[in-house]
Structures are given as C-alpha cells and as structure tokens.
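Me: I would like to go through the disulfides of this protein chain one by one. Please take care over how each term is defined.

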Amino acid sequence: MKRARRVVAAAVVLAVSWTLLQTAQPGTASAEPAETSAVTSASPTSVSPTSVSPTGAAAAPAAEDAAPMAVVFEDNFDGAAGSAVDGGKWQLEVGDNVNNHERQYYTPGNNNAKLNGQGQLVIEARRENPGNYNCWYGRCEYTSARMNTAGRFTAQYGRVEARIRMSHGQGVWPAFWMLGNDIGSIGWPASGEIDVMENIGSEPSTVHGTLHGPGYSGAEGIGAAYTLPGGQRFADGFHTFAVDWSPNAITWSVDGNVFQTRTPADLGGDPWVFNKSFFLILNLAIGGYWPGDPDGSTTFPQQLVVDYVRVSTDSTGGGATGPITGLGGKCVDVAGASSANGTPVQLYDCNGSAAQRWTRGGDGTLRALGKCLDIAEDGVADGSPLQIWDCHGGPNQQWVANAANDIVNPRADACLDVTGNTSANGARLQIWTCTGAANQKWDAP
C-alpha cells in the first residue's frame, strides 16, 4: 500500500487540551518531502485469517486463550446520549494538520465526539464549518475529532484493544494508535509509534498495523495488513483490534486472529523503542497524503463507532501472583479492598482476598485490584506514603525485590517500609531509606 507521512514536532500536553498543530498523525514521517513508497517489503501487504504471520509462525488465536487478564484501563462509554467523553480519561485535540495535508479541523468538547446513550462513542466527521475554522488550505471544509490519554493514562505492555465499527469511503482515515509518552522531550520518531489499527476508506476490507521509530518511520514503517475474508467490510459490523505487547515483542490481531508479530530482529539494527510507556489515541481523519482527498463518491457524515477501549495485563512477562507478607506475618493490603485511585496501602491480617493478591509485572510494577502500587505525589523522600493508582509505568511505580527480601523503589533508592515499625492492623506503608530492619523485610511472590 502506497503511503506517505509527516513529521511530529515536539508535543506539549496542556492542562486542558493538547494543541493539534504540528502534532502526530498515525504513521507520521520525518520532515522530508511526501513519500509514496510502500510499507516495508519485509511485510506482507495483505494477510487472511488463515495466513502465516511475517515471522513465520502460523496464525493463531490471540490472548483470549491466555491466562486471565487484569484490567488497568477501560472505557465502555456509558452515559447519556450527547455527553462528552470522560475528561478524566481523554482529552480532545483541537486544530488542523498542515504537515499531513489532512482536510479536517478537530473540534473540542462534544461537537464531533459524543456518547450515543447505548454504551458507545461516536466520532463523526462532517462536511461543514459552523465555527468558520481556518485550515492550512484556507477555510476548512470538514470537522472531526481526535482524542488521547496523554497526562491521564499510559500503558506499558499488556493487551491494548478496542471494539470498533469502521467508517468507509474515499479519503476517510480512522485509526486507533499509540505514541511514546516521552514525545514532548525527544520528539518523533524517537518516541516511537504503535498503530494498532489504521484503515483508509478506499480499502473497506483491510486494516494495517505498523511500528514507527528512528530509522523506520513514515513510509519505512514496519507492519502488515489484514483483510477480511469473502469481501466483508469493516464498516458492516464491530471488530476487535488488539496488540499483545511484551518486552521486545508486539503481536497484532483482528477478532482474535493473529496476523503479525514484530521483535527487534525485524528492525535491521535500528533501535527498538517500545519498552516504555505509551498513551492511546483515537481519531477519524479526512484526506491526507496516504488516503487522498474525498471525492464525489464519499458520503457524509462518516462515523467511527467505538464500543470500548481496554488495556489489560497478564503480568507482562510471567510475574507470579500471591500475597506479600511482612512484619508480624501480616499482609500488604489495599485498605477497604477499594480500587479507587489514592486508596492507602496498609498492613493487615492475611485473609486471601483480592486486596492482598499482588502480581509482579514484567514492567517492574506490583499490581492488585487492577491498579499499581504507587508512591503518592511522585514522592522520593523518607515517609512518602504508598497508595494504589492507575498503572502508568512511571518511576514511582517501579519496584525491585532483592535477595535480602527488600522491596526497593530504584528512583528513590528507598525500601517498602511499615510506618512506626508496628504490626498493628491498618499500619500504613511508606518508603524509607533501607536500614535492614524487620519492618522492611518481605516475602513477595
């Protein structure tokens, strides 16, 4: 598939919204003239449900058949018809896209992205300009929406999936994708990009999954396509698009059918930049270098309908699950068995409940109730309290269990510690300089 991409300038997440000007679009390229070369020749251009993956392994069911997964992020888009998306999970980007020569203007609020009252999000692209918006080519001709989780949630490993009913038609470009959370400091493509799903409307039966990074960005992205059998169209019903992501490997699937796996060996010596945190993006673009502009056959409005977005983890690489026991034989416990962000972590009689079952993730986290053990307020000082919080892979959620039975946060260089050196039920946990004392010794899974 011929495709051309554009540059990402340094992205800055604002408190309320992310300005779209000069930010990323799926499969963006460096600041070079528009390219028209194909996706890397190492990738098949189309893979059916019974085809062999690019790595040579036979296509197989994805992680539905794997061990139970703990959900760390989920939006089922429940709410009244016409409501805006949950601002605690998503922010709307605003503006046009000169570098990729798309035609739409992304609007804020619920103008083009709203709940339909049936547990679904509808991103709608319309041929209109009620706000008299100006685009790179003059007065804008279309409106649409793009939303991301930057500053709200990032993922590192696990299963990232969405159930979507596609738009269709010439010049229509829906996508579900991710960008490295460090894009604001190191730029694109060094930040990396994972395209879970892209579709151009002129190919109603085919979606693309692609990696972009330093040395393999834009038209040189590493990826493959998946085509529905029998002439089915993605716009005719909902389909589940997913990546299963672990250290040094990413696998793509559609409706559980695996169609490619990528590892550092696929990059020809270029750096693998996917062992870190990424944020999620949903958008519906109109026009651009790759899909081309709408024509007389394209009908409006176009809708991208999203049933859910979910991120889950199976320990991201084989971490065990069980209690963490310490002073007085008591267990590390989430107070009140509450999964709310900010719930304190304490010492309590061991009872085998989910509030005391901790999973050691391959990403360095400790997880219970679908959340991560977290140092409150990103603290590093002695006495900084511990809580559970949405998993984001940050340094305040990193833990190492060593041979001395300490559990250490490497950034703070401090140990998991029982406040007051007491084994009383409800004793709060904190970090403290490692002393070797009994209130810092733990048996962990």
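Me: Is Cys331 buried or exposed?
Reply: This is a predicted model, in which local features need pLDDT of at least 70, side-chain atom pairs count only at pLDDT 80 or more, and totals for chains, interfaces and linings use all residues. Residues are numbered from 1 along each chain as its sequence is written, and side-chain values use heavy atoms, with hydrogens and water left out. Buried means under 20% relative accessible area, exposed over 50%, and partly exposed in between (1.4 Å probe, protein chains only). Because the relative accessible area of Cys331 is 1%, Cys331 is buried.

Me: With which residue does Cys331 form a disulfide?
Reply: A disulfide is a pair of cysteine sulfur atoms within 2.5 Å. The sulfur atom of Cys331 lies 2.0 Å from that of its partner, Cys350.

Me: How many residues apart are Cys331 and Cys350?
Reply: Strands (E, at least two residues) are DSSP runs, numbered from the N terminus. Cys331 sits in strand β22 (residues 331-334), whereas Cys350 is in the loop between β23 (345-348) and β24 (358-360), and the pair links distant parts of the chain, 19 residues apart.

Me: Which handedness does the disulfide of Cys372 and Cys391 have?
Reply: The sulfur atoms of Cys372 and Cys391 are 2.1 Å apart, and both residues are buried. Because the torsion about their S-S bond is about 100°, the disulfide of Cys372 and Cys391 is right-handed.

Me: What pattern do the disulfides follow?
Reply: The count comes to 4 disulfides, one of them joining Cys135 to Cys140. With bonded cysteines counted along the chain, the pattern is 1-2, 3-4, 5-6, 7-8.

Terms used: Helix = DSSP H or I, 4+ residues; strand = E, 2+ residues; numbered from the N terminus.
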